[in-house]
Amino acid sequence: MAHLLRIDASARIEESHSRALGDYFETAWEAANPITRRFLSKTPKNEIVRRDLAARPISHIANSTIAGFYTPPDGFTPDLYAATAMSDELIAELQAADTLVITTPLYNFSVPSSLKAWIDQIMRIGHTFSFDGENFGGLLQVKDVVIICAYGASGYLDANTMKSANFLQPYLEFLFGFMGADSIRFISAEGMTGDAAHVEATLTQARADIDKLFAA
């Protein structure tokens, strides 16, 4: 049984290009992970967990959350359990997944605040990364990370004019590498505020790039 965790970060719901590409990825993932009957009485099914950060915003970490992150288990109080409950839930979702797909736009040259709130809850010492006093190590169990990025303007990729202003892709690539992901792949769509022909051509290419991820 395969397990996909999908995180959607766009504040836009109906007209989000990153979400639309996430739908395409999800369909391709389901086709690549067919369900097979193993027992006469049971039909195993692949699991898809979806977390919409716009529909269900993640609370930002607070002083008590940080205190809980750095308190040994034997020192936990009921208040600290409550303060870290959201982090526990999100990390459990993440660690249960075989594949993580994040769909996100570029907002003001970086990640949306909704995604940053999720990141701050799951970046936790002893859970998704370790530190032995000298070196950091990744504890992330999900190894396959796919990040679908939508850019309103063009020029953020490769050696183009706005590459130095793209803090979205480098940040997320470092972040998941730091936590131990073996495979971090990006699907990008630029110029999504352009004319309809450009947008459709860009989406067509992005869908083709997704298809390549599943090509055997």
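How many bridges pair β6 and β7, and in which sense?

1. β6 and β7 pair in the parallel sense, over seven bridges. Two strands count as paired if DSSP finds at least two bridges between them. Helices (H or I, at least four residues) and strands (E, at least two) are DSSP runs, numbered from the N terminus. Within this pair, Ala 150 has Ala 189 of β7 as its bridge partner.

2. Some ground rules. This is a predicted model, where local features need pLDDT of at least 70, side-chain atom pairs count only at pLDDT 80 or more, and totals for chains, interfaces and linings use all residues. Residues are numbered from 1 along each chain as its sequence is written, and side-chain values use heavy atoms, with hydrogens and water left out.

3. Now the whole sheet. It is open, with five parallel strands in the order β2-β1-β3-β6-β7. β2 (47–52) and β7 (183–189) are the edge strands; each has a single partner, so one side of each lacks a neighbour in the sheet.

4. At the β2 end, β1 (residues 3–8) pairs with β2 in the parallel sense over six bridges. Arg 6 has Arg 50 in β2 as its bridge partner. Helix α4 (residues 85–96) packs on the sheet and touches β1, β2 and β3 (99–105). Touching means heavy atoms within 4.5 Å. The direction of α4 makes about 140° with that of β2. Axes are lines fitted to C-alpha atoms, for helices over the stretch in contact, and angles run from 0 to 180 degrees between N-to-C directions.

5. At the β7 end, helix α6 (residues 168–178) lies across β3, β6 (144–150) and β7. α6 runs at about 165° to β7.
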